[in-house]
Amino acid sequence: MLAFLAVLAILAGLTVLVWSADRFVEGAAATARHFRMPPLLIGMLVVGFGTSAPEMVVSAFAAIQGSPGIALGNAYGSNIANIGLILGVTALIRPIAVQPQVLRQELPFLALITILAAWLLRDGMLSRFDAVVLLAVFGGLMTWSIRQSMNSNWTEDEVGLESDPMSIRQAAFWLTAGLVLLVGSSRLLVWGAVEIARLLGINDLLIGLTVVAVGTSLPELASSVMAARRGEDDIALGNILGSNLFNTLVVVGLAGVIHPLEAGPEVLLRDIPVMAAMTGSLFLFGYGFRGPGRLNQTKGSILLASYVLYTLFLIWTAIRTAG
């Protein structure tokens, strides 16, 4: 009976997830234009952080229940899935333009934050002080990013305000309703997936890195794909960058404040290096040698293949350990 309910939850969650993602992205893009905010900023702040709400909820409850494997695995596994799986699939569907600002500012910040996360976990433990450091860095970074973006001069043509048929009230409604449905449907989907995984006897860290990480990343996947299909490349890419920043700083930071997190050697030796390598690949793939950078289908295939190999390695490791 429990297995049947879990499968039903997965199917229902996936259906609502796809529909709500379309509404959410449309509302986010319209809101950005009405407030003359650059699409990259709205992608990072509203879409990126909003779709990371499932990761925050899952990791917080995992910390409360004393499951550091799920708390850390969920955050870092989601970061790996965001770049390898989500950007990979999105680029396969439609190439994504990479603005020079991303290579100069957002990606270097993300790389430095990844290094900071590794340094704080060097002793195999994320203390409450370490967690507060992560949250403080997030606060400072967001303050700086908002000031930089809002000081930029954006014309009506650049934000597409004149051509936007959606009113600010409609945009705000779909932005809010879409986000609530995204989070709710993703939680339903994750619950079903976790129940099935536990019935199969999969351990906490593997659940966090694979089932929970992919499940809580589904809002990002749905939002990025819909944004790319609508031609909102900055929202699609900003969604991933903002989500990874939020996961590394806030999701892990909040969980660490609730309960200090113990990190096994595999986190430092396997998961963080893979996360760093995925982040570094965006510098190479996003750089345009003969014009603006683009994540095309070839680069998307490489990202997706890398994620598949990483996941297969996790499964092989779990089987070998269990054996």
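## Basis of the values

Local features in this predicted model need pLDDT of at least 70 and side-chain atom pairs count only at pLDDT 80 or more, whereas totals for chains, interfaces and linings use all residues. Residues are numbered from 1 along each chain as its sequence is written, and side-chain values use heavy atoms, with hydrogens and water left out.

## The largest nonpolar core

A nonpolar core is here a set of buried Ala, Val, Leu, Ile, Met, Phe, Trp, Tyr and Cys residues joined through side-chain atoms within 4.5 Å, where buried means under 20% relative accessible area, exposed over 50% and partly exposed in between, with a 1.4 Å probe and protein chains only. The largest such core holds 56 residues, of which Tyr76, Leu87, Leu126 and Leu295 touch the most other members. Helix 4 gives the most to this core, with twelve residues.

Contact means heavy atoms within 4.5 Å; leaving aside neighbours within four places in sequence, Leu295 is in contact with Leu87, Ala91, Pro95, Ile96, Val98, Leu282, Phe285 and Gly286.

## Annotated segments and Asn247

The unreviewed UniProt entry places the feature "transmembrane region" at several segments, including residues 103-121 and 235-255; such annotations may be inferred rather than shown by experiment, and their positions follow the numbering used here, with feature names shortened. Helices (H or I, at least four residues) and strands (E, at least two) are DSSP runs numbered from the N terminus. Residues 103-121 are 95% helix and 0% strand, with end C-alpha atoms 27 Å apart, while residues 235-255 are 100% helix and 0% strand, with end C-alpha atoms 27 Å apart.

Asn247 lies in helix 10 and is buried, with a relative accessible area of 0%. Beyond neighbours within four places in sequence, Asn247 is in contact with Ser52, Glu55, Ala75, Ser78, Asn79, Asn82 and Val252.
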